[in-house]
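Colleague: I'm new to this one. Could you walk me through it before I start clicking around?

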Amino acid sequence: MHSETAFLINTLSFLVWGGLVMWMCAGFTMIEAGSVRTRNASVTCLKNIGLCSIAVLTYYLVGFNLMFVDVEPGGWIGALTLFQGSTPAERQLLQGHEEALDTVVATGHASMSRWLFGMVFVASSASIVSGTLAERVKLWPFFLFIVVLTGVIYPVVGAWAWGGGWLAELGFHDYAGSTVVHATGGWAALAGVLIVGARSGKFREDGTVRSTPPANIPAVTLGVFFIWLGFLGFNGASQLAFGSTFDALAVTNVLVNTNLAPVVLDEFHNML
């Protein structure tokens, strides 16, 4: 395929996939707000809007650079520089310098399309913490923790695996963020639970469990479908290219497997 055509398709795919993954934030919000008690639903919604906003800012401010820029082979961290933007060649092309076209096309995709796709991964990792700490933590301490998670912890782990750091040098592979996104979010959530403990009012004085009916079951159900849809973008875009016949075939198989996996797991769970 012509290199410029591949550039256009790869860039568009990152933007579209990123939009699909952004739907996962809506899905997480619906599941969390629908699962908690009615009195906590509104603050749960605010937490999810806040964490997405924080993820956008921290990943733009410093996170992307820590994760991908100037990570030495086998190293631990990338460049501690501020702000992520278009490359010099891209800025020249936008200013009308056509001689920069070949340099831009050679990169395979617009630099900020990759940033956008990476940003929604960060927000997804933070959403794991939000769900785990629902009804357990106050708003501002939670936001402070999310700043640290999305601005430092997640980018550093990402640099190890995806940025060419020490895990990558050991031959470690992570497709679609099973460690960088989900395990990092899970570890952070576990640390939070160990610190703050059980939900307020969950247990009676004698230690028995108090029933805490969910606020909205239909919202939870719709949230599941939103996340299911989002995972098509999450996993499909992790091919990191869509500009060739090989990539199209690979992405198709990924999407089919992504749809089969939750169905098979659900049936297996029902048999148990």
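Predicted model: local features only at pLDDT ≥ 70, side-chain atom pairs only at ≥ 80, totals over all residues.

Modeller: Residues are numbered from 1 along each chain as its sequence is written, and side-chain values use heavy atoms, with hydrogens and water left out.

Colleague: Okay, how far apart are the end C-alpha atoms of helix H5?

Modeller: Helices here are DSSP runs (H or I, at least four residues), numbered from the N terminus. H5 covers residues 111–132, and its 22 residues should span 32 Å at 1.5 Å a residue, where the expected span is 1.5 Å times one less than the number of residues. The value in the model agrees with that: 33 Å.

Colleague: And how many of the residues of H5 are buried?

Modeller: Buried means under 20% relative accessible area, exposed over 50%, and partly exposed in between (1.4 Å probe, protein chains only). By that rule H5 is mostly covered, and of its 22 residues the buried count is 16.

Colleague: Where does H6 bend?

Modeller: H6 runs over residues 139–161 and reaches 31 Å between its end C-alphas, close to the expected 33 Å. A bend is the angle between axes fitted to the seven residues ending at a position and the seven starting there. In H6 that angle is about 40 degrees, and the place is Leu149.

Colleague: Is Thr184 buried or exposed?

Modeller: Thr184 sits in helix H8, residues 178–196. Leaving out residues up to four places away in sequence, Thr184 touches Leu149, Ile153 and Tyr154, among others; contact means heavy atoms within 4.5 Å. Its relative accessible area is 3%, so Thr184 is buried.

Colleague: Which loop holds Asp70?

Modeller: Most residues other than glycine have a negative phi. Asp70 has a positive one, near 55 degrees, and with a relative accessible area of 63% Asp70 is exposed. Its loop is the one between helix H2 (38–68) and helix H3 (88–94).

Colleague: What is the phi of Leu240?

Modeller: Leu240 lies in the loop between helix H9 (217–236) and helix H10 (245–271). Leu240 is partly exposed, with a relative accessible area of 38%. Its phi is positive too, near 65 degrees.

Colleague: Which helix gives the most to the lining of the largest cavity?

Modeller: On a 1 Å grid over the protein atoms alone, a cavity is a set of points where a 1.4 Å probe fits but cannot get out, a pocket is an open set with protein on both sides within 12 Å along at least five of seven lines, and lining residues have an atom within 4 Å of a point. The largest cavity holds about 30 Å³, volume being the space filled by probe spheres set on the points, which are joined across faces, edges and corners. Its lining includes Trp17, Leu240 and Phe242. The helix giving the most, with four residues, is H1.

Colleague: And which helix gives the most to the lining of the largest pocket?

Modeller: That pocket holds about 260 Å³, and Ile227, Trp228, Phe231, Thr258 and Pro262 lie nearest its centre. H9 and H10 each supply at least two lining residues. With five residues, the helix giving the most is H9.

Colleague: What is the volume of the second largest pocket?

Modeller: Among the residues nearest its centre are Arg114, Phe117 and Leu240. H2 and H5 each supply at least two residues of its lining. The volume is about 220 Å³.
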